[in-house]
Every structure is written in C-alpha cells, then in structure tokens.
Amino acid sequence: QVQLVESGGGLVQAGGSVRLSCAASGSIFSINRMGWYRQAPGNQRELVATVTRSSSTTYADSVKGRFTISRDNAKNTLYLQMNSLKPEDTAVYYCNLNGYDTVGRYLQVWGQGTLVTVSS
C-alpha cells in the first residue's frame, strides 16, 4: 500500500511564505509524476503544479513566478515552496502521485490534504 503524508500547512499573512512537504511511502517501484492540487471552499479541485520523473514542471497560471515545485527522488518527497501568498491561495492542498508499484500495478494516490490559510 502506498501512502502520501502532507505537512507544512497553516495560517500565514498575505505576502508571506510557506513550504509544503509530501512524503511518499510503501511499495513504490517508479513514479511518473507528482503534483500539488488545491481545493478552496465551494470550488473544484484544481491543479497547482506538477513535476515529472525527468524534472519537467508545469504550473497553473495563477501561481507562476510565486510557487516552486521540487522533489527529492532519493527520499520520495515532494515540496511546494509558496511565496508572495495571496488570500485567494487559501485552500486545502493535496499531494498526488502516479506511477507503478512493485508488482506492476498503476498507482494514482492522493494525500489527505493540508490547509493553507492566507489572511489579508
């Protein structure tokens, strides 16, 4: 079984910074892509940023230039550095992994989410 555990959320003032972490554990054979998604109250879950095995990254337009996604392959850990935060960044942030487990099964795993609240 594969698990993702997020940490690093909390309350921060507008203009501040937060770093989220997502630790993956379990029977992981390979990871194709990991990413961060977020869901604000009353809204659908949306993509924030993704990073592939080859370190190719994508970002939502709303976070480009402010957020940076990175991963430590040796630790199977994903990070999201969030700078210049705005109140509209307030949401539950979810980590996502897709890849394959040690017996060849496709993995699509979500973390439990971590709340980031940005006060004005």
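# Exercises on strands, burial and salt bridges

Ser 21 lies in strand β3 (residues 18–25); a strand here is a DSSP run of E, at least two residues long, numbered from the N terminus. We're working on a predicted model, where local features need pLDDT of at least 70 and side-chain atom pairs need 80 or more, while totals for chains, interfaces and linings use all residues. Residues count from 1 along each chain as its sequence is written, and side-chain values use heavy atoms, with hydrogens and water left out.

**Exercise 1.** Work out whether Ser 21 is buried or exposed, and list what it touches.

*Step 1.* Ser 21 has a relative accessible area of 16%.

*Step 2.* Now look for contacts (heavy atoms within 4.5 Å). Skipping residues up to four places away in sequence, Ser 21 touches Val 5, Glu 6, Ser 7, Trp 36, Leu 78 and Tyr 79.

**Exercise 2.** Find the partners of β4 and the bridge counts.

*Step 1.* β4 (residues 28–39) pairs with β9 (residues 91–101) over ten bridges, antiparallel. Ile 28 has Asp 101 of β9 as its bridge partner.

*Step 2.* β4 also runs antiparallel to β5 (residues 46–52), joined by six bridges, with Arg 33 opposite Thr 52.

*Step 3.* Check the β4–β5 hairpin: six residues lie between the strands, and Gly 42 takes a positive phi near 80°.

**Exercise 3.** How many salt bridges does a search of the whole structure find, and which residues form a network?

*Step 1.* The search finds five, using a side-chain nitrogen of Lys or Arg within 4 Å of a carboxyl oxygen of Asp or Glu as the criterion.

*Step 2.* One of them joins Arg 38 and Asp 89 at 3.0 Å, N to O. Arg 38 is in β4 and Asp 89 in the loop between β8 and β9, so this pair ties together parts 51 residues apart in sequence. Both residues are buried.

*Step 3.* Arg 105 and Asp 101 also meet, at 2.8 Å, N to O. Here Arg 105 is exposed at 55%, whereas Asp 101 is buried at 5%.

*Step 4.* Follow the shared partners: Arg 38, Glu 46, Arg 66 and Asp 89 come out as one salt-bridge network.

**Exercise 4.** Locate Gly 26 and find its contacts.

*Step 1.* Gly 26 is in the loop between β3 and β4, and at 52% relative accessible area it's exposed.

*Step 2.* Leaving out neighbours within four places in sequence, Gly 26 contacts Gln 1 and Val 2. Its C-alpha is 9.1 Å from that of Leu 4, 22 residues away along the chain.

Definitions and conventions
Two strands pair if DSSP finds at least two bridges between them. Helices (H or I, at least four residues) and strands (E, at least two) are DSSP runs, numbered from the N terminus. Buried means under 20% relative accessible area, exposed over 50%, partly exposed in between (1.4 Å probe, protein chains only).
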